[in-house]
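Have the sequence and the 3D view ready, and let us walk through a few places together.

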Amino acid sequence: MDELRVQAAALVQRHPKDARLRRVGTSRAGLPMWLLSVGHGSRQVLVVAGPHANEPVGGATALRLAERALADPRLCEGADATWNLLLCLDPDGARRNEGWLSGPYTLGHYFRHFFRPGFREQPEWLPDGADCAALPETRALLDLQDELRPFFQCSLHGVDVGGGFVELTRELPGLAPRLAHTAARLGIPLELGPYDTLYWPTLGPAVYRIPPPRRADLAAAITEAAVESTWFHPHRYGTVTAVVEAPMWGVRAVGDASPSADADGALRAVSRTLRRDTRLLQALLTRIRPGLGTTADTASLLAPVDDYLLVCPGLADSWDPDTDTDDGTHPLPPLDTARLTALRISARRIALRTAGLLHQLVTRAGRDPSGALPDLERLIDAWCADYHDGYQARWIPVARQVEYQARVVLHAFQLAGRGAPVSRPGASAVGPAPAKAELPFE
């Protein structure tokens, strides 16, 4: 976190005429939220890094985009654009992930130091609507959106295990082939059926349209994600939002569109495994909870544990072809190898995250009266080995993650800008966007 601000300040010092850095908010723990702006165009771009605490790549990508915009006049003057880069939306959560950020980059080290707050404490979501948003980080982003009225907004996310993909609030024709080309050039697997998008329209390989938001209960909100969010808030200004997901550990099978020989058998297996893992984790939580204190730190770790254990039974039922949920949920779409792999990875992810958080609850307490820590160690090791050996999950160097994400953002920026009106903050649209040449980075 501190390094991001230092690097942004150094960039402003090198380019005082074209770059500015200002504080736009304060986190719940009192950490500053910094906005780096580059250029002086009337058309605003808003890039949001660090929306999820465990997804740090976006901060480095934001700095890379700032450097590109300063180096290439076509991205600012030529496009009449100003790039506004929020360096981290959840600085408190990001600070809590610093235990794994310096390496070693192994799955076990990552999950033992993983942190992501409970759903209601994730600042992109608006579970009670924008008017009732209580988190100061959320309010800072909403105010920024209302101030800038961006024609293009990009939210920079990271997939811990899987592949890259893009989610859009409005179609950007031509993005899918550019995404495929970029991924192939950089050796990034694309995810052709991510769990997040299971019921969403597909706009092209690894490109999905986010459904309009709706009110939902907490379980549905966590698992379906088509709830009110800051992705849709600025649409009153004509904004198109792109959510760009970059993988940390890549899995090739998430891009395998071949048919499955026994999809129902695979679904039964993943549902059975998730139920078993949930029982193990619930039993461990029951053992651990009496020995925990009532500190704010403990509460922050328990909140996501409770969220995950809340949704697991419903997930297992919704995937099981032998379970008639009769609760109005959507039927599963056709499941090829890519989608089945994504479901298996998602089921393992939710169990591993829960185990990692339970591990931290015990180690931070400084004592283990229930003797749960050895059991947690064994589970984390076994489940990480399943990712590494069973799915061939391989670490993608950070520089490659950043370059991939930056290129995808620039492609989306160019496509979003074609014909987009100029919308100055506080004013109505005043004319078409200037024509732009193709970007030269591929």
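A crossing of two helices is called left-handed if the near helix is turned anticlockwise from the far one by less than a right angle, and right-handed if clockwise. Helices (H or I, at least four residues) and strands (E, at least two) are DSSP runs, numbered from the N terminus. With those terms, α2 passes α13 in a right-handed crossing.

Before we go on, please note that this is a predicted model, in which local features need pLDDT of at least 70, side-chain atom pairs count only at pLDDT 80 or more, and totals for chains, interfaces and linings use all residues. Residues are numbered from 1 along each chain as its sequence is written, and side-chain values use heavy atoms, with hydrogens and water left out.

**Two helices**

Helix α2 covers residues 57-71 and helix α13 residues 398-417; their axes come within 9 Å and cross at roughly 60°. That makes α2 oblique to α13. Axes here are lines fitted to C-alpha atoms, for helices over the stretch in contact, with angles from 0 to 180 degrees between N-to-C directions. Angles under 35 degrees count as roughly parallel, over 145 as roughly antiparallel, 65 to 115 as roughly perpendicular and the rest as oblique.

Which residues of α2 meet α13? Among them are Val57, Leu65 and Arg68, while the α13 side includes Val402, Glu403 and Leu410. Contact means heavy atoms within 4.5 Å.

**A covered strand**

Is strand β5 (residues 152-162) mostly covered or mostly open? Eleven of its eleven residues are buried, where buried means under 20% relative accessible area, exposed over 50% and partly exposed in between (1.4 Å probe, protein chains only). Two strands pair if DSSP finds at least two bridges between them. β5 pairs in the parallel sense with β3 (residues 43-48) over four bridges, and ten bridges join β5 to β9 (residues 240-250), also in parallel. Val48 has Ser155 in β5 as its bridge partner, and His157 stands opposite Glu245 in β9.

**Backbone spots**

Ala206 is in the loop between β7 (202-204) and β8 (207-209), and Gln392 is in the loop between α12 (373-390) and β10 (394-395). Finally, a cis peptide bond, with omega about 0°, joins Gly103 and Pro104; Pro104 lies in the loop between α4 (98-101) and α5 (107-112).
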